[in-house]
Amino acid sequence: MSVWRRKGLELFYDFRHTFTGKEDTIYTLMVQLRSRVEDAPLKKDTEELDKIYGNVEWCFNQRKRCFDLCNAAAVGFYEHLVEEGNTRFAIPYRVPGCCGVRQRSIKSWYWKFEC
């Protein structure tokens with residue numbers, strides 16, 4: 001089992017029934033996490049948010065080992081944060097500085113929505 005899959009299943013135990021097929025990829029995980037990150041603020045579940053953003057950041061930081069993990073975090077998760085108000089407002093607090101250019105482009109979207 002790949003490390004990213006094992007980490008995802010350890011952090012999000014309830015995925016064990018829905019995220020088991022070989023056709024499930026890191027992009028599938030990012031879509032599921034994006035769905036959760038949209039719901040967690042409504043429940044005021046900061047522990048869940050910490051797990052989600054921590055897992056995505058870990059994937060993003062794997063770019064030297066596996067570019068697909070980094071790419072999935074960027075295009076499957078971070079770039080979609082601007083689509084929902086509650087996730088858009090979290091960008092300055094939750095998107096790590098290590099995202100470099102991607103973070104600047106996401107934040108530029110954020111500021112456009114603020115005006």
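**View 1. The largest nonpolar core of this predicted model has 29 residues.** The residues with the most contacts inside this core are Ile-26, Met-30, Leu-33, Phe-77, Tyr-78 and Leu-81. A nonpolar core here is a set of buried Ala, Val, Leu, Ile, Met, Phe, Trp, Tyr and Cys residues joined through side-chain atoms within 4.5 Å. At least two core residues come from each of α1 (3-11), α2 (26-43), α3 (46-60) and α4 (67-76). In soluble globular proteins, nonpolar side chains tend to be buried together. Leave out residues up to four places away in sequence, and Leu-81 touches Val-37, Tyr-53, Thr-87, Arg-88, Ile-91 and Val-95; contact means heavy atoms within 4.5 Å.

A word on how to read these views: this is a predicted model, in which local features need pLDDT of at least 70, side-chain atom pairs count only at pLDDT 80 or more, and totals for chains, interfaces and linings use all residues. Residues are numbered from 1 along each chain as its sequence is written, and side-chain values use heavy atoms, with hydrogens and water left out.

**View 2. The protein chain has seven helices and zero strands.** Along the sequence the pattern reads α-α-α-α-α-α-α. Helices (H or I, at least four residues) and strands (E, at least two) are DSSP runs, numbered from the N terminus. Of the 115 residues, 41% count as buried, where buried means under 20% relative accessible area, exposed over 50% and partly exposed in between (1.4 Å probe, protein chains only). Among contacts between residues at least 6 apart in sequence, 49% join residues at least 24 apart.

**View 3. Here α1 meets α3, with axes that come within 11 Å and cross at roughly 175°.** That makes α1 roughly antiparallel to α3, a label for angles over 145 degrees, while those under 35 count as roughly parallel, 65 to 115 as roughly perpendicular and the rest as oblique. Axes are lines fitted to C-alpha atoms, for helices over the stretch in contact, and angles run from 0 to 180 degrees between N-to-C directions. On the α1 side look for Val-3, Trp-4, Lys-7, Gly-8 and Leu-11, and on the α3 side for Lys-51, Asn-55 and Trp-58. The residues of this contact divide into four nonpolar, two polar and two charged. Ala, Val, Leu, Ile, Met, Phe, Trp, Tyr, Cys and Pro count as nonpolar, Asp, Glu, Lys and Arg as charged, and the others, Gly among them, as polar.

**View 4. Lys-51 is found in helix α3.** Lys-51 counts as partly exposed because its relative accessibility is 26%. Between Lys-51 and Gly-8 there are 43 residues of sequence separation and 9.6 Å in space, C-alpha to C-alpha. Not counting residues up to four places away in sequence, Lys-51 touches Leu-11 and Phe-12.

**View 5. In this view α3 packs on α4 at an angle of about 135°, with the axes 7 Å apart.** That makes α3 oblique to α4. Val-56, Trp-58, Cys-59 and Phe-60 of α3 make the contact with Leu-69, Cys-70, Ala-73 and Ala-74 of α4. By class, these residues are eight nonpolar, no polar and no charged. Helix α4 is mostly covered, with seven of its 10 residues buried: Leu-69, Cys-70, Asn-71, Ala-72, Ala-73, Ala-74 and Gly-76.

**View 6. His-80 lies in the loop between α4 and α5 (85-88).** With 23% relative accessibility, His-80 counts as partly exposed. His-80 and Val-31 are 49 residues apart in sequence, yet 9.6 Å apart in space, C-alpha to C-alpha. Setting aside residues up to four places away in sequence, His-80 touches Arg-34 and Val-75.
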